[in-house]
Structure formats: C-alpha cells, structure tokens
Amino acid sequence: MIPSAASGSAAGSAASPSGASPSGGGKPSRRDQILAAAAELFAQHGFRGVGIDDIGAAVGITGPALYRHFRSKDAMLGEMLTGISEYLLAGGTERVGRTGEADEILAGLVRFHVDFALQQPALITVHERSLASLADEDRRRVRRLQRQYVEVWVTALRTAVPRLDEPHARSAAHAVFGLINSTPHNRHLPHEDLAELLTRLALGALYAAK
C-alpha cells in the first residue's frame, strides 16, 4: 500500500539547517544571517565566484567583519554543508523512530525531505555544486553523515517493503533523492501542490522498487 502523500507533513522538531532561518519565527542570529546570505550568493554565482566582501555587503557589514564569525569562506561553506547533513540525519532519525505503521513512517520521512528541499533550494544548489570545494576534513564528515542518512532511508524502506534487499533499497533511496532535490529547477506549481506531487511521485518510485 502507498499511503497518502499528505502523511507526515508536520515540520517536526529537528533544528533548522545552517543557512536557514529558524522555523519558529524568531530573529536569526548574525551568524545564521551570514550563512543564509552566503548560501544565496553561492547558489547564484558559485562558491569561487563570491568574495568575502560580497557576503558582507549582503548582510550590511564589511567583509573583514565576517572574520569575527567565521575564520574563512571555506569554514563558512563547511559549516553550511555540515549543517545540512546534520539536520537531515537528525530529522530522518527522529521520524523513523516514531511509533506507527511502516507505510506512514516512510511517508513522513519522504515528506520531511520534500519540505526541506522546497524550503531551502539555495542549500540544495550549493550542496550539488560546491561539495568538491570543501576542505578534506569537512568533506569526509559530510560524506559520513550522508551515508548515515541513506541508511535511515534503507531501514524505513525495508521495513515498509520487507522483500526489498539492501542494494535495491539503497539504490531506490538515491534515486528518490535526485527526484526530490530537483526542486531548485522545478517551480511550476505553488509550494503545497508541488510538495504533494513530489511526495506522491517519490512514494510511488519507492514502492515500485519491489
């Protein structure tokens, strides 16, 4: 059975990813403001195409003043992409740990990732384009967190579809990430309609993997 695409649509309790405004509506810290501005600029112009002065101007301070918050532009990118990975892993782990039917838990996991992708298209774009620009240590940490997040999906999918083996579940999860993470290039529908469509398509693809 493929559950309703609306299942699990609540935002959940995971903290906002680095570079995102707090979901609770409170005023973001200066550090969060800088990361959010940097994410938009990196998405538009690429990591190498943005200077410290550009980021400072976007938040109303001088470029050198940014060094009070981050030791370098590389450190900024590292915190940004590590923050994405930590947010997804924490949110995914929390959702698969909930009680309920396996189908509904999988639907909640899908909707969680869909909501993130729709709310943070700049972070999705930066991740796609700038992962290779990370310092080695940051890149290893991001990769490790990503592998753990994939395993969360594998667990949820194999619980919902017990006959599915691990290689198929892992491949299906990666394919669905590609579908959902296409959102920066897919803005033809209002937010809620697109969220509903993406969730329905993702669940259909996951259940078709069996």
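**Close-up views of a predicted model**

**View 1. Ser133 in the loop between α5 and α6.** In this predicted model, Ser133 is found in the loop that lies between helix α5, residues 121-130, and helix α6. Its relative accessibility is computed as 18%, and Ser133 therefore counts as buried, since the cut-off for that class is under 20%. When residues up to four places away in sequence are left out of the count, Ser133 touches Phe47, Arg48 and Leu77.

**View 2. Helix α7 along its length.** Helix α7 covers residues 166-180, a run of 15 residues. From its first C-alpha to its last, α7 reaches 21 Å, which is close to the 21 Å expected at 1.5 Å a residue.

**View 3. The buried and exposed sides of helix α7.** The buried residues of α7 are Ala169, Ala172, Ala173, Val176, Phe177 and Ile180. Seen down the axis of the helix, these buried residues fall within an arc of 140 degrees, so they line one face of α7. On the other side of α7, Pro167 and Ala175 are exposed.

**View 4. The segment annotated in UniProt, residues 51-70.** An unreviewed UniProt entry lists residues 51-70 under the feature name "DNA-binding region", an annotation that may be inferred rather than shown by experiment.

Technical notes. Residues are numbered from 1 along each chain as its sequence is written. This is a predicted model: local features need pLDDT of at least 70, side-chain atom pairs count only at pLDDT 80 or more; totals for chains, interfaces and linings use all residues. Side-chain values use heavy atoms; hydrogens and water are left out. Helices (H or I, at least four residues) and strands (E, at least two) are DSSP runs, numbered from the N terminus. The expected span of a helix is 1.5 Å times one less than its number of residues. Buried means under 20% relative accessible area, exposed over 50%, partly exposed in between (1.4 Å probe, protein chains only). The arc is that of the directions from the helix axis to the C-beta atoms. Contact means heavy atoms within 4.5 Å.
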